[in-house]
Amino acid sequence: MLIWINSPKAPSREFLFLDRDGILNEDRPDFITCREDYRFYPDALEALRWLKNRSIQVILVSNQSGLNRAVITWENFWDTHHYMLQQVRAHGGDILAAFYCPHRPDEHCRCRKPSPEMILKASRIYRIPLRSTFMIGDRSTDMQAAANAGCRAVFLDRSSVVPLEGDSVPGIGNGLMRYSTLREAVVRMWGWKKA
Ligand SMILES: [Mg+2]
Ligand SMILES: [Zn+2]
């Protein structure tokens with residue numbers, strides 16, 4: 001598990017877990033290999049600013065198997081991470097921490113989603129109340145990771161989501177909330193949480 005921490009102390013007690021690819025930026029079947037591949041969704045940058053203005057701490061939880069598949073170099077991976085961060089901050093948002101799993105599925109690691117390990121690790125570092133915290137993702141593995149960690153799942157259904165073999169979305173209609181932009185998801189989610 002790769003852990004990037006901006007600050008070990010959270011400025012507020014409100015947290016939100018986000019998947020990265022397909023949520024903040026366009027996903028692609030051949031992996032995000034470098035900063036040139038990293039294309040933000042404009043509404044995601046707005047959503048991060050909206051969250052920052054409300055002191056809601058954003059934590060990324062992302063599978064990046066391209067690393068151990070040797071499709072993404074470590075240098076380009078961290079360069080992409082820092083490019084992402086720089087752009088988020090330039091647009092008024094921020095990210096508190098990022099947890100990445102670099103493993104391939106056949107390595108059977110402990111951290112790859114749908115394992116809850118990355119979420120649980122974050123919750124131990126920041127003492128996050130999981131039952132009242134949301135995880136927004138675009139794949140069934142995100143929904144399962146959230147459920148396995150005991151937090152609430154929100155499904156983001158962007159039309160550009162790259163279908164993966166065997167990646168259906170079970171649970172839609174079973175109380176999962178479903179939105180088409182991150183901006184809409186965070187605004188509605190927060191209204192719902194505060195209600
Ligand atoms: Mg994704
Ligand atoms: Zn892993």
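1. Basis of the note. Because the model is predicted, local features need pLDDT of at least 70 and side-chain atom pairs count only at pLDDT 80 or more, whereas totals for chains, interfaces and linings use all residues. Residues are numbered from 1 along each chain as its sequence is written, chains are lettered from A and ligands numbered from 1 in the order in which they are written, and side-chain values use heavy atoms, with hydrogens and water left out.

2. Overall make-up. The protein has five helices and seven strands, where helices (H or I, at least four residues) and strands (E, at least two) are DSSP runs numbered from the N terminus; in order from that end they read β-β-α-β-α-β-α-β-α-β-β-α. Of its 195 residues, 51% count as buried, a term that stands for under 20% relative accessible area, with exposed meaning over 50% and partly exposed the range in between (1.4 Å probe, protein chains only). Among contacts (heavy atoms within 4.5 Å) between residues at least 6 apart in sequence, 71% join residues at least 24 apart.

3. The zinc site. The zinc ion (ligand 2) is held by Cys 101 (SG), His 103 (ND1), Cys 109 (SG) and Cys 111 (SG) at 2.0 to 2.3 Å; donors are N, O and S atoms within 2.8 Å of the metal (3.2 Å for Na, K and Ca), and sites may look incomplete because water is not among the atoms. The angles among the four donor atoms are 99 to 118°, and the site is tetrahedral, a label given to four donors if all angles lie between 85 and 135 degrees. Along the sequence the donor residues follow the spacing C-x1-H-x5-C-x1-C, and Cys 101 and His 103 are both buried.

4. Helix H3 and its surroundings. In helix H3 (residues 117-126) the buried residues are Glu 117, Met 118, Ile 119, Ala 122, Ser 123 and Tyr 126. These buried residues pack against strands S1 (2-5), S2 (14-18), S3 (56-63), S4 (97-101) and S5 (134-137), as well as against helix H4 (140-149). After H3 comes Arg 127, whose phi is positive, near 50°.

5. Aromatic pairs. The structure holds six aromatic pairs, counted when rings of Phe, Tyr and Trp (its six-membered ring) have centres within 6.5 Å, with planes under 30 degrees apart called stacked, over 60 edge-to-face and the rest tilted. The rings of Phe 15 and Tyr 126 lie with centres 6.1 Å apart and planes at 40°, so this pair is tilted; it links Phe 15 in strand S2 with Tyr 126 in helix H3, 111 residues apart. Phe 15 is buried at a relative accessible area of 1%, and Tyr 126 counts as buried at 3%. The rings of Tyr 38 and Tyr 83 have centres 6.3 Å apart and planes at 80°, so that pair is edge-to-face. Tyr 38 and Tyr 83 are both buried, and ring pairs link Tyr 38, Phe 40 and Tyr 83 into a cluster.

6. A buried histidine. His 81 lies in helix H2 (residues 74-90) and counts as buried at 0% relative accessibility. Leaving aside neighbours within four places in sequence, His 81 is in contact with Trp 4, Ala 98 and Tyr 100.

Notes
Tetrahedral: all angles 85-135°; square planar, octahedral: opposite > 155°, others 65-115°.
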